[in-house]
Amino acid sequence: QTMSDMQQLLSEHIRSIYAYFPMTVQEVFGRRYSIPLELPTLPVEHRPELKITLDNFPYSAPTLQVTPLHLDHRIIGDNGYLRREAHPKLLQWNMRHDFGKIVQDLVNELKVDPPVYKSYVDTTRFTNPVNTQRNEDSFNISAAPIPTSFPEVDRLSNEEAAELLDEATLDAFIELNYPVVSSDLKNDLENNNHAIQESFEEGQSELDQLRSTIGEMEGELNFVKKQYNEISQEKKLLQNQFSNEVLVQYLLNAAMVDEDYTEELAQDFTEGDATDIQKFIRDYLKRRTLYHTRQLKAEALQSSV
């Protein structure tokens, strides 16, 4: 498959997604898309979305992720990513599969058997790691079931909130009060970094291939240029050989030879060396005519320059 064939195939898959889900939102052109989901078990203000990542697609199966991340369902794995076994065509991926139909099958399954929120582990204590000697800095905090509001932060005093400006303190606060969110964010970052690294390596491989191809084409181009220059030189030499000046000089030289020859014939005849009069007349007229013809041609070429 050529790059143009792969691009056309990618466009067909994207058109298929929009055909089944017209409300699809494009986040990154040709790479990331988002489909809003309407599931009866989840409130409207926390409407889930199906995130589609097409890194190395269609060579490899796409990555599908349901957000919010903390949903419990048999086809949803860690960090909200749909399991490969959720659909047989994802498990045995073929770039000719109808991707839009695969996504529709998965969404229908989520609608028939909607996911529910996972239960969080409540935390009961937050200790400032910068100043562990302050007993008054310990307080009870319950983790929120949905990390879209932060009541734990709202309940902090001004002094406690100010301590969160320290990066280490803030990290500890998040780790303690939102362990699942923190873990998910780290996993997402690792997955995204891994995907970026793979994409970079693939792009680097393609770039190396392109450079190799360009190098070969440059070699061919240089060879063709060399042949062209050699042919141009030969053409120039041939043109110089048959220029008007060369032809004029050639005709004048030949006419001079004819003139010398006829003068020798005439001299031999007047001195009595020629005995065959008819032969003398025939040879003299032939070469003299040729002499005049060449002279006239030379004069005609000279006048045309």
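**Exercise 1.** In which loop is H87 found? Decide also whether H87 is buried or exposed, and list its contacts beyond four places in sequence.

*Solution.* The model is a predicted one.
Step 1: H87 lies in the loop that runs between β5 (71–72) and α2 (88–91).
Step 2: the relative accessibility of H87 is 9%, and buried means under 20%, so H87 counts as buried.
Step 3: with neighbours within four places in sequence left aside, H87 contacts I102, D105 and L106. Of these residues, I102 and L106 are listed among the buried residues of α3.

**Exercise 2.** Describe helix α3: how many residues does it have, and what is its reach from first C-alpha to last? Which residue caps its N-terminal end, and which of its residues are buried?

*Solution.* Step 1: α3 covers residues 99–112, which is 14 residues. Its reach from the first C-alpha to the last is 20 Å, close to the expected 20 Å at 1.5 Å a residue.
Step 2: the cap at the N-terminal end is D98, with a side-chain oxygen 3.3 Å from the backbone nitrogen of G100.
Step 3: the buried residues of α3 are F99, G100, I102, V103, L106, V107, E109 and L110. To read this list, recall that an α-helix has 3.6 residues a turn, so residues three or four places apart point the same way.

**Exercise 3.** How many residues are in the largest nonpolar core, and which have the most contacts inside it? Which element gives the most to it?

*Solution.* Step 1: the largest nonpolar core holds 31 residues, and L50, I52 and F99 have the most contacts inside it.
Step 2: at least two core residues come from each of α1 (3–20), β2 (32–36), β3 (49–53), β4 (63–67) and α3. The element that gives the most is α3, with six residues.
Step 3: take I52 as an example. Not counting residues up to four places away in sequence, I52 touches I17, R31, R32, Y33, I35, T63, L64, F99 and V103.

**Exercise 4.** How many aromatic pairs does a search of the whole structure find? Characterise the pair of F57 and F99.

*Solution.* Step 1: the search of the whole structure gives six aromatic pairs.
Step 2: in the pair of F57 and F99, the centres are 5.4 Å apart and the planes make 50°, a tilted arrangement.
Step 3: F57 is in the loop between β3 and β4, while F99 is in helix α3, so the pair ties together parts 42 residues apart in sequence.
Step 4: both F57 and F99 are buried. Together with W93, they form one aromatic cluster.

Conventions:
Residues numbered from 1 in each chain as written. Predicted model: local features only at pLDDT ≥ 70, side-chain atom pairs only at ≥ 80, totals over all residues. Heavy atoms only, no water. Helix = DSSP H or I, 4+ residues; strand = E, 2+ residues; numbered from the N terminus. Expected span 1.5 Å × (residues − 1). Buried < 20%, exposed > 50% of the residue type's maximum accessible area, 1.4 Å probe, protein only. Polar contact = N/O pair within 3.5 Å; in protein donor to acceptor, adjacent residues only side chain to side chain. Core = buried A, V, L, I, M, F, W, Y, C linked by side-chain atoms within 4.5 Å. Contact = heavy atoms within 4.5 Å. Phe/Tyr/Trp six-rings, centres within 6.5 Å; stacked < 30°, edge-to-face > 60°.
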